Amino acid sequence: MKTLEAIKIGSKLLKEKKISSYILDAELLLSKVLNKSREEILINLDNKIDKKKISIFEGYLHRRSKNEPIAYILEEKEFWSKKFKVNRDTLIPRPETELLIDEILKLYKGKKISILDIGTGSGCIIISLLNYLKQSTGTGIDISKKAILIARENASKSKLYNRVKFSSKKIENIFNKKFDLIVSNPPYIERKDIKNLSEDIKRYEPRVALDGGNDGLDLIRKVIYKSKYILKIKGMLALEIGNEQIKKVSKLLIDNNFCIRKIIKDYKNNVRCVIAYFK
Ligand SMILES: C[S@@+](CC[C@H](N)C(=O)[O-])C[C@H]1O[C@@H](n2cnc3c(N)ncnc32)[C@H](O)[C@@H]1O
């Protein structure tokens, strides 16, 4: 079968299964099978594909037609212009989180700081920060051992070697160290709302990365309480939060001796991140 025909058949199948990005997804899946860039396959539409590869392509199409996120099938997601390995043990990094990185980098450009990333997942936050803050060091923790393995792989691709450590730990088990910056994109969805998330999220992304408890603030609360003890004076806490959580989170921060430095809105004008310093 030729490349053009494979793309046509693949995109038709995905369209029938109501996948909105059906053409792009078929092209991306085929480029994974052929281990070539999408651009490369699109300028070689007459190339023949052998049967073995077509059957791998069909397997990927089948997964995508069941709403499995394309990032999990491709096993990668671009974040802050670098490709990160992801799988079903890690949340897929989101564009809102990149907004948090932008603001943190404005505050710390050229500085040497120590960073703790709570709920590091694929490691996308801490690795992106350390890729830019060349003199800084960091620790990423996550309750999920399997996510930590992926974060380590991503760090070694970025050649961060001795500047980052990852450990599978709960936030409750961090002591004895103080940081200049604590950053976290915790699970913040209210438990009752998980059923309303789209199929690709609720069926495939790790529940522990989504479920923020009854009011969505379980881990956010713990991060704020813990940060009081492990942040240096004037240290910063940078949090991604859910839609409409800013009022409650601001109160928690102020009640715990933090002063809000910056709130960050997403492309839809919702407040999605907050940066505060410890007085
Ligand atoms: C929303 S995901 C964020 C992943 C990654 N930082 C990102 O932005 O793509 C939240 C992460 O917190 C982790 N997590 C949940 N509860 C935790 C806890 N009590 N202590 C540490 N990590 C936790 C989950 O395993 C998950 O990887």
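These exercises explore a predicted model.

**Exercise 1. Find the domains and say how far apart their centres lie.**

Step 1: Take the domain assignment of the chain. It gives domain 1 as 3-66 and domain 2 as 79-278.
Step 2: Turn to the C-alpha centres. Those of domain 1 and domain 2 lie 34 Å apart.

**Exercise 2. Describe the shell around the ligand.**

Step 1: Count the residues. The ligand is surrounded by 23 residues. Gly119, Gly121, Ile143, Asn185 and Ala209 are the closest.
Step 2: Look for the elements behind them. At least two residues of the shell come from each of α7 (124-132), β4 (137-142) and α10 (207-210).
Step 3: The shell holds 14 nonpolar, 7 polar and 2 charged residues.

**Exercise 3. Locate the nonpolar cores.**

Step 1: Start with the largest, which has 56 residues. Leu129, Leu181 and Ala238 are among those with the most contacts inside it.
Step 2: Follow Ala238. Beyond residues up to four places away in sequence, Ala238 touches Leu100, Ile104, Leu181, Val183, Cys273 and Ile275.

**Exercise 4. Is Asp211 buried or partly exposed?**

Step 1: Asp211 sits in the loop between α10 and α11 (218-230).
Step 2: Count neighbours. Asp211 has 18 C-beta neighbours inside 10 Å. A buried residue needs 20 or more, so Asp211 counts as partly exposed.
Step 3: List its contacts. Leaving aside neighbours within four places in sequence, these are Pro187, Ile189, Arg191 and Ile194.

Note on methods: Residues numbered from 1 in each chain as written. Predicted model: local features only at pLDDT ≥ 70, side-chain atom pairs only at ≥ 80, totals over all residues. Near = placed C-beta within 6 Å. Helix = DSSP H or I, 4+ residues; strand = E, 2+ residues; numbered from the N terminus. Nonpolar A, V, L, I, M, F, W, Y, C, P; charged D, E, K, R; others polar. Domains from an automatic or database assignment. Core = buried A, V, L, I, M, F, W, Y, C linked by C-beta atoms within 7 Å. Buried ≥ 20, exposed ≤ 12 C-beta atoms within 10 Å, placed from the backbone. Contact = placed C-beta atoms within 7 Å.
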